[in-house]
Every structure is written in C-alpha cells, then in structure tokens.
Amino acid sequence: MERLLASDPSRLGGHRLLGRLGTGGMGVVYLARGEAGELAAVKVIQPEFAQQAEFRARFRREAESARGVDSPWVVPVLGADTEGPAPWLATAFVPGPSLAEVVAECGPLPERVVRILGKVLARALDAVHQAGLVHRDVKPGNVLLALDGPRLIDFGIARPTAAEETELTSDSMVIGTPGFLSPEQARALAVGPASDVFSLGCVLAYTATGRMPFGAGTADALLYRTVHDTPDLDGVEDIELRALLERCLAKEPEDRPHVDEVDAELVEDALAGSIGWLPDAVVRMVADRSAEMLALPGIEPTEVSGDSGPQGPGRRRVLALAAGGTALLAAGGVSLWAALRDNSGKTPVSSAAGRDWTIGVQADLSGPLKAAGTAQERAVRLAVEQFNAREDKPFPLTLRVLDDRGEPARAQAVARRLTRDRDVFAVLGPTGYASAQSAVEVYESAGLPLVTVSELSVSAVQSALLAKPRRYFRAAPLAAYSAFATVTALTAQGSRRPGLLVDRAGWITGMESVNVVHNATGAGGVSLYARVVPALAPDVSTVVADMLAHGVDSFYYTGTPERAAPLARALAARDFTGPRFLDIPSATPAFVSAAGPASEGWQVLAPYIDPAAAAVRPFATAYRKRYGGAPGDWAAEAYDVTRLLADRLTALAGSTKRRPSRTQVADALARARFKGLVTTYAFDADHQLITRQVQHYQVKDGRFVYSGPVGLSGS
Amino acid sequence: MPERIATGMEWRTAGRRGGDIVAYARALRVSGVAAACGALVLGCTGGGGGSASPPTTSSGTARSATADSRPSASASATSETDPGREPRTTAQAQSLIQQVISGPELFGTGVVRATPYESGPAQWAVLGDDCLWRLHPLPADALATLTRHFEVPASDVKGAVRLSATVTVHRTALDASWEQARMLEEDLDCTEQTQRPGERLTGLQSLSFARGEGGNTSGDDLLLETGQCVSDTRGGPYAYWWQQAVLGSVVAGTSVCGGRGRSQQELNSLVAEVLPRMLLRVQQEIGSTAGTESGGATASTSSTKSGS
C-alpha cells in the first residue's frame with residue numbers, strides 16, 4: 001500500500017482514508033476505516049469520468065445493484081456517494097492476495113482447490129446474477145483470498161443486464177480483461193450471466209494450469225482465439241472438472257451451465273471445516289499479506305474494539321494469524337464451510353469437521369476398458385449420492401474420480417495423486433491389468449486400501465509387488481474361478497475331450513487360465529487338448545481342424561472378442577454343436593456383433609452379475625433414474641463396494657465421528673462381512689473375495705442372456 | 001469343491017526367510033525380465049542339491065495343421081525389430097547367432113563351458129507324443145539354431161549346476177511366435193518330459209508374458225517354464241527353470257538345473273542376466289531404430305476381420 005498523497009482527501013463520507021491501495025483506469029482505490037472501525041476499500045471515480053452523465057448513470061446503477069447482492073463470497077458494499085462531485089463506493093476490505101498473485105507466486109493450484117474455488121465463485125456469481133447484474137470482469141485479479149475464504153470483488157463495470165445495456169456500451173467497446181472474456185464479450189455482443197460462466201471457466205482453468213486457456217499475447221490475438229479456438233485444458237486431469245470446464249467454455253452461451261449447476265456439480269467437494277483445501281504455501285501467503293496490514297499506519301490493534309464488521313474477515317483473525325494462531329484460522333475455515341454447505345446458515349454438527357471423508361475412484365474412463373470403468377464410476381457416484389442424501393448420515397462422503405486411461409504411467413501418476421490426498425480413505429479401482437501392474441505398489445506403499453471389482457488377475461499384483469498385497473482387495477471372484485467353473489460346466493454338459501484354445505492376443509489374463517484349466521481337467525478325469533496361437537497369427541481358426549481331428553467335443557477360447565469371431569464362424573460352418581465357452585475378456589457385445597449368427601449358443605462364466613438381474617434391481621432402478629439408461633457390466637459390484645466402504649467408514653467413525661486411519665480402514669475391510677446386493681462381501685487372507693459362485697451367460701438372439709449364478713463345482 | 005483354486009501362481013514364500021526374498025527381489029528389479037522371472041521362480045519352484053542335464057531346445061513340431069505355412073510380410077516384424085535386418089539365409093542366421101548367443105561371460109561367477117559345449121545348428125530336439133525328446137532336422141521355418149551348455153562344477157559341499165543358452169532364428173516373426181506357442185502346449189501335454197534316458201524334467205508349468213506384462217520389457221513375448229530336474233546319476237529333484245523370449249524372428253532361451261546344496265537364489269544369480277542381455281544383443285542386430293509399424297504383439301482389428 002502506498003501512502004496518501006498530499007492531494008488525496010483525508011476523509012470520504014464517514015471514512016478516514018489510510019492509504020492508497022491502487023490506481024485504476026477509472027479512479028483511485030483507498031484503504032479507509034469506517035466510523036465503526038471497519039476497514040474498507042473506497043473507490044473514488046476520477047473527475048473526468050464523473051463529469052460524464054452516461055458514466056455517472058452507470059455508476060449509480062452499479063452501486064444500487066451491488067447493494068442488492070447478498071453473498072458471503074462477494075464483498076459487500078458498505079456505502080456510496082453517487083451524486084457528489086467525486087463519487088465514491090466503499091466495499092469491505094479484504095486483506096488478502098488476489099488469485100492472480102497466488103498463482104503467479106505459488107503456481108497452479110491442486111484440482112481439489114480449484115473445485116472448491118469453483119464452487120465458491122459459482123455461488124458468488126449466482127448472488128450477483130440474482131441481483132440482476134452481470135459481473136463482466138471475472139478474472140483472477142478480482143478474486144481475493146482471505147483468511148476466511150475467497151471473495152469476488154470489483155463491481156467497477158458490473159451493471160444491469162436489462163435493456164439499457166446497449167445505451168451505456170457502444171457496440172465496438174470491449175469491456176473486461178482479454179484472456180478471461182467470453183466470446184460474446186470479445187465480439188462486443190450483448191452479454192448475459194452465461195458470459196460470467198465462461199469467464200469463471202477461464203479463471204478456474206488458469207488456476208488449475210497456471211495458463212490462460214486461450215494463451216497469452218496481444219489482446220487482439222487473445223480475443224480471436226477466445227472466439228475461435230478450443231481452450232487449452234492440458235494438465236486438468238480430473239475428468240469431471242475438465243468436463244465441467246469444457247462446458248463452461250462452450251462458445252455458445254446457451255451451451256454453458258448455469259452457475260447453480262456449476263455449484264451443484266461441485267457440491268460433494270464442499271464440506272465443512274477444512275483449511276486443508278488451500279495449499280500451505282498459499283495459506284502462508286494469505287497470512288503474510290494479512291499480517292502486513294497490521295503494519296499499516298493507523299491500523300494499530302488498540303484502535304479496534306473488536307467489531308470486525310458484518311462479513312469481512314475480522315481483525316482478530318488477522319491478529320491471531322500474525323501470532324501464529326492456526327487454531328483460529330481453522331475456526332475461520334469451519335465457519336466458511338458451514339456457510340458454504342448450508343445456505344440457511346445453520347451450522348452443521350461436525351465433530352469430525354475439518355477434513356473431507358473421501359472415497360477415490362481410479363478408473364479407465366477413456367482407454368480400452370472405458371466401458372467397464374465408466375460403469376463403475378457412475379455406480380460409485382450413485383452410491384455416494386444416496387449415502388449423502390440420508391438424513392442420518394454420520395458425515396457426507398466426498399468422491400474423487402481420476403481417469404488413468406488404462407495407461408501404466410498415468411495409472412501410477414493417478415495413484416500417487418490419490419494416495420497423497422490425505423482425505424482419501426479408500427479407492428475403488430483399478431479397472432484392468434495394465435493399471436494394476438503399475439498402480440498397486442503405490443497404494444501398498446502409501447497404505448491406502450484399493451478395492452477392485454474388475455482387475456481379477458493373479459499376475460498383475462505378483463509382478464507389481466513381489467510380495468503378498470496388504471491393501472489390495474479383490475471384490476469379485478478371480479478370473480481363475482471362472483476358468484475352473486468353465487471346466488466344471490463343460491464336463492457337466494457332457495464334454496469328455498475339452499478343447500482349450502489359448503489365443504495369446506488375450507495377453508496374460510487369458511494365459512493365466514491355462515494352468516487352472518489344465519489342472520482342473522486332469523483332476524476331473526477328462527482329457528484336455530490344448531492349442532496355443534500366437535498373437536501374430538492372423539486367424540485363430542486355423543487350428544480348428546487339428547483340434548477336431550484330435551476328437552475335441554467342446555471349446556474353451558481365451559483371447560479377445562474380435563478374434564473369437566472367426567473361431568465361432570469356423571465352428572458354425574462345421575455344424576459344431578458341442579459346448580462353446582469364452583473367457584471373460586472375450587465375452588462382450590463386440591464378439592456377438594463380430595461373429596453374427598455364429599455367436600448363438602456361446603457361453604461364459606463371468607465374475608460380474610447381470611445388471612438387470614433381480615438381485616440388483618433396486619440398484620438398476622436407481623441408476624436408470626439417475627442416468628437415464630441401464631447400468632453396464634461391473635456397475636452393480638462397484639455400487640456394492642462403495643456401500644461396503646461407506647458402511648465400514650460409518651462403523652469406524654462411531655458416535656464420536658472420529659476419523660479412522662487408513663490402516664484401520666484396511667483392517668475393517670479385511671474383517672468385513674457386508675451383505676450387498678450381489679453377494680456377501682468377506683475377504684480371505686489374500687484379500688480376495690470369499691466366494692463359491694460365478695455368473696452364467698449364453699448368447700441367445702444376438703445378446704448375452706443371463707441365466708443366474710453357478711457354483712464352482714457345478715451346483 | 002475346492003476351497004481354493006490352484007492357479008499355479010500362489011505365493012509360496014512360507015518357510016523362507018522373508019528378508020532374503022525381499023532383498024533378492026529388489027536386486028532383481030534391475031532388469032525387467034529378470035525381475036519377472038525371479039519373482040515367479042521364487043514362488044514356483046523348490047530347492048535342492050545336485051544336478052541334472054539341461055534340455056536342448058524345447059521346440060517341437062508335434063502338432064499338425066498349424067498356420068505356420070502362412071507367413072506374411074506384415075507378420076514378420078514386430079514394433080521392436082526391423083524385418084529388413086532379419087536374416088534371410090542360413091548363413092546370415094548362423095552369423096547372427098554367433099553375435100548374440102551367450103558364452104560363459106554373461107552367466108554368474110563360476111560358470112564354465114561344459115562338454116560337449118555346442119549342439120546344432122541343423123538339428124534340434126523335438127518332443128514326441130510320448131513326452132520323449134528326440135533330435136530331428138531343423139524344420140523349414142527355422143534357419144539355424146545353436147545351444148551352448150555350461151556348468152558350475154561340483155565342489156566339496158555342493159553339486160554341479162547345469163546351464164544352457166539357446167538361440168534359434170526363424171524365417172519370420174510369426175514362425176518364431178509359433179515356436180513360443182508350441183512350447184506352452186508342450187507343458188500342457190507333458191508335465192513330465194524325458195530329455196534322454198535317465199534325465200527327466202517333472203512338474204513342468206509355463207506362463208507367457210507379452211511385452212509390458214509381468215515386467216517383460218525386453219521381448220515380444222517372454223515364457224517362463226518351471227519345474228524340477230531329476231537325474232539317475234546326479235540325483236534330484238532340483239529346481240529347474242527355462243526362460244525363453246521372442247524378439248522378431250529370433251527365439252532365445254536359457255535354462256538352469258540346480259544341484260545338491262544350491263539355493264534358488266544362487267541359481268538365479270547365475271542366469272538372471274543372460275536372457276535380457278542376449279535380447280539386447282538381438283535388438284542391436286535386428287532392432288528397428290524407430291519402432292516401425294507392423295503386427296506387434298497385440299491383435300489388430302484388421303487382422304481379425306480378414307480372419308476365417
């Protein structure tokens with residue numbers, strides 16, 4: 001802050017000016033103290049603007065409208081003089097750095113912080129829009145971070161959205177800050193609340209990446225790219241946040257979400273009482289900046305008698321922080337989140353306040369297993385929403401979803417991020433082998449329970465760990481169970497000479513079944529004939545003649561859906577009617593569409609239940625209502641596991657709502673006996689689901705039809 | 001109904017000193033291939049003392065009607081190898097083998113040449129339906145093969161260890177991958193195999209890893225066979241394993257058969273580096289400078305649509 005100049009007034013209205021906070025295009029902003037002792041930022045309009053009738057009219061409206069904004073996240077207007085020769089507006093003073101300064105100094109902020117910030121700013125903008133205003137200059141410099149939360153500031157250009165808009169702004173005049181403007185602002189078109197949503201998206205993208213989403217450079221270039229280019233969101237890894245930002249940054253205003261949608265979509269991330277949401281470096285910066293204010297002339301502590309104003313951050317908090325009073329800082333956080341969570345102003349009971357209760361999801365949402373990953377992610381979300389909707393819930397659950405695309409390197413990075421988030425108690429995932437192989441060790445090292453429903457191999461964890469897993473739980477029958485049960489079923493269906501066709505295109509997950517099948521057939525007294533076909537071989541059906549020549553009376557194929565199709569067609573061409581089974585990865589709709597009528601009659605014994613099965617109907621109904629479609633394979637299991645996790649956390653929290661450690665959560669899972677819709681969940685010493693059944697499907701009329709569970713020994 | 005399903009891959013660390021295994025496992029991680037094999041070897045085999053003969057090559061042609069008569073240009077290369085650098089003639093293949101096959105230098109301390117030292121290059125061993133290995137002429141899809149035999153001589157307190165290294169060059173990568181596939185089939189047909197009268201392998205199981213799986217970073221496909229070796233003259237059963245990898249049109253493998261008083265850890269230290277380093281040599285000889293586009297280890301949609 002700069003000292004007052006000799007030419008500056010000493011008082012404005014009831015405010016005693018203390019120093020200059022800054023100088024803008026339209027005037028000077030002073031730090032001042034009101035009659036009640038509160039600190040204020042007083043903006044005085046420069047005489048040349050004040051003399052313009054048009055500007056004065058606009059300023060008058062701004063002041064009146066701004067008084068109507070009611071939000072703890074928007075700086076309140078304390079007073080104004082719109083009629084005098086030097087019109088001024090006083091708002092509460094926020095003694096903190098701007099978001100622009102924070103990102104410049106501390107770099108991009110964690111995505112969880114971005115989400116919380118997004119929620120706060122969405123609420124702030126909602127209040128602005130409710131008052132009939134469009135902010136029109138939402139940018140990092142207009143977001144201040146105070147000890148008790150962020151504040152949206154600067155109504156310097158805010159004005160009513162109604163008809164007089166075009167009166168005050170000429171068509172060619174661009175108002176705002178390039179880089180954070182909406183396309184309609186850039187093109188000097190009429191703007192509405194959706195324009196602020198676009199700017200909010202820019203601010204959040206900037207906060208997450210440290211870069212403006214339409215790049216840097218000249219204003220012209222920025223405006224052009226804003227109108228024409230796809231925003232640069234590289235580095236925003238949180239799949240939901242990224243999707244939300246993309247919607248906010250839609251070129252067409254009507255394609256953007258309303259601010260209360262933005263708020264709603266981030267709701268699960270805003271929970272009471274945490275100061276952990278801001279990185280330490282930022283908290284320190286806010287504290288330092290606030291403490292600096294104590295050194296300002298005329299702000300001696302003794303001058304203040306404890307009244308810190310209605311909304312502004314209290315001086316006592318500043319003092320406490322300057323003295324290292326983090327407890328009080330934490331208290332500020334609690335009140336912030338209490339207010340944020342509950343608009344009615346009721347403070348939630350939160351003996352466990354201060355930290356989120358978070359369940360993580362590591363899934364393949366955009367890679368080769370995205371169908372399974374997405375089905376699981378949606379099911380988890382549904383379960384969390386249902387839990388949070390309960391009146392008697394001991395705590396609200398937060399969900400954190402990260403997409404690993406099934407890529408090993410990314411899977412490891414995702415695992416690191418989830419394990420570093422100290423609020424995460426357990427993670428559902430990963431979806432498949434490649435992710436498990438690189439991610440499991442990270443979870444093991446961090447002691448964070450990882451529960452998968454669809455990664456059911458033996459070797460992924462073996463190659464990852466070289467030791468027994470302590471924190472990795474498999475909540476569905478291992479693939480080996482399906483292989484064993486397939487031999488049982490083949491025998492039960494009359495086969496005495498089963499043919500095993502191992503397609504190496506099925507990778508290790510198909511390979512793993514081989515020894516199981518070999519041992520099971522040997523023990524069952526049937527004579528196996530096995531062929532292995534390399535992945536390079538263009539067509540697996542070239543071994544069919546050899547297998548039939550060896551008297552094979554049934555087939556069990558392990559591989560991929562696409563490569564199973566030629567086999568099915570070759571057998572159909574030979575009118576082969578013996579039992580035909582696929583392994584789990586190859587039994588997908590892709591097989592049916594690739595094989596056509598030849599797929600009829602093929603069977604699979606799978607670990608997952610049919611989402612349309614009667615046992616999971618309550619889930620399927622809720623899912624359909626939530627998402628407008630039927631759940632996919634593996635969804636019911638993921639739903640069950642989420643409820644299992646919530647159940648264990650609830651039990652551990654007890655009446656005191658004490659946060660359990662990750663070790664306690666893992667131990668509780670290991671001892672769990674939870675009745676879900678699919679099965680009762682209990683785990684053996686290797687943290688594998690204790691089970692005696694798998695699920696039977698057979699292709700009929702062009703699709704896999706579920707016929708119920710079957711026991712491993714054929715019962 | 002079984003309480004547990006035997007996958008052949010259970011953790012069998014009971015009775016071992018955990019600290020040793022952990023330290024050993026960490027050491028193994030230096031090499032991706034060795035790490036995967038080492039981990040599985042530790043879990044899969046039993047120790048012992050004494051020795052038995054290693055097998056010669058483990059490839060056979062017992063099956064009929066395979067697709068190996070249909071090599072195609074697109075299938076003769078992997079993303080890691082350059083078909084233009086792969087041998088086309090027997091002479092080129094023999095030259096390549098001499099460049100890449102291990103001598104005693106890649107093995108651990110104390111490993112020396114055995115007698116006879118080399119076998120090949122126009123014959124290889126074929127497993128018959130009776131589970132007996134017999135020498136046959138090299139099939140048409142193979143250009144050349146060579147097996148070298150090594151040993152750690154017996155000492156006062158420990159039995160001899162028998163080791164081997166084999167390199168076979170096929171005409172195409174597809175041919176090489178069929179050899180790998182056949183070896184997997186052999187262990188399913190014959191969990192006990194007689195190498196020659198008085199020398200047997202028992203309890204054989206194998207598992208195969210594509211590139212990227214199970215720590216396999218060196219080969220297009222890596223096969224691990226584990227079991228025991230038993231000899232009328234040397235005793236046993238002792239720990240036995242065979243590692244075999246495909247890289248392009250080349251198949252390379254190593255074997256070890258333990259002896260009296262030889263721990264698995266000791267055995268692994270003798271062979272752990274041999275296969276990865278032979279594969280590195282292969283890579284240097286026929287590897288692509290920048291991964292060429294080709295069949296690769298994964299199924300492509302186009303190759304399946306042209307299927308039956």
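A residue counts as buried here if 20 or more other C-beta atoms lie within 10 Å of its own, and as exposed if 12 or fewer do. Keep that in mind while looking around this structure, which is a predicted model.

Start with helix H3 of chain A, residues 99-106, where A:Leu99, A:Val102 and A:Val103 are buried. They sit on the same side of H3(A) because they cover an arc of only 95° around the axis. Look at the other side of H3(A) and you'll find A:Ala104 and A:Glu105, both exposed.

Helix H8 of chain A (residues 219-228) can be read in a similar way. Its buried residues are A:Leu222, A:Leu223, A:Arg225 and A:Thr226. Since they cover an arc of only 165° around the axis, they lie on the same side of H8(A). The face turned away from that buried side carries A:Asp220 and A:His228, which are exposed. And what covers the buried residues of H8(A)? Helix H6 (183-186) of chain A is part of the cover.

**The nonpolar cores**

The largest nonpolar core has 193 residues, and A:Ala379 and B:Met278 touch the most other members. At least three residues come from each of domain 4 (357-478 + 613-683) and domain 5 (479-606 + 696-711) of chain A. Setting aside neighbours within four places in sequence, A:Ala379 is in contact with A:Tyr623, A:Pro631, A:Ala635, A:Ala636, A:Ala638 and A:Tyr639. There's also a second, separate core of 87 residues, which includes A:Leu109, A:Ala208, A:Val262 and A:Leu266.

**A sheet and its helices**

Now for an open sheet in chain A: 7 strands in the order S17-S16-S18-S19-S20-S23-S24, with mixed pairing. Strands S17 (529-533) and S24 (703-711) of chain A are the edges, each pairing on one side only. From one strand to the next, the twist averages 25°.

Inside the sheet, S18 (residues 554-558) and S19 (residues 580-582) of chain A pair in the parallel sense over 3 bridges. Which residue in S19(A) is the bridge partner of A:Phe555? That's A:Arg580.

| Helix (chain A) | Residues | Strands involved (chain A) | Angle |
|---|---|---|---|
| H18 | 479-492 | lies across S16, S18, S19, S20, S23 and S24 | about 140° to S20(A) |
| H21 | 561-573 | touches S16, S18 and S19 | about 165° with S18(A) |

Note on methods. Residues are numbered from 1 along each chain as its sequence is written. Chains are lettered from A and ligands numbered from 1 in the order in which they are written. This is a predicted model: local features need pLDDT of at least 70, side-chain atom pairs count only at pLDDT 80 or more; totals for chains, interfaces and linings use all residues. Helices (H or I, at least four residues) and strands (E, at least two) are DSSP runs, numbered from the N terminus. The arc is that of the directions from the helix axis to the C-beta atoms. Two residues are in contact if their C-beta atoms, placed from the backbone, lie within 7 Å. A nonpolar core is a set of buried Ala, Val, Leu, Ile, Met, Phe, Trp, Tyr and Cys residues joined through C-beta atoms within 7 Å. Domain bounds come from an automatic or database domain assignment. Two strands pair if DSSP finds at least two bridges between them. Axes are lines fitted to C-alpha atoms, for helices over the stretch in contact, and angles run from 0 to 180 degrees between N-to-C directions.
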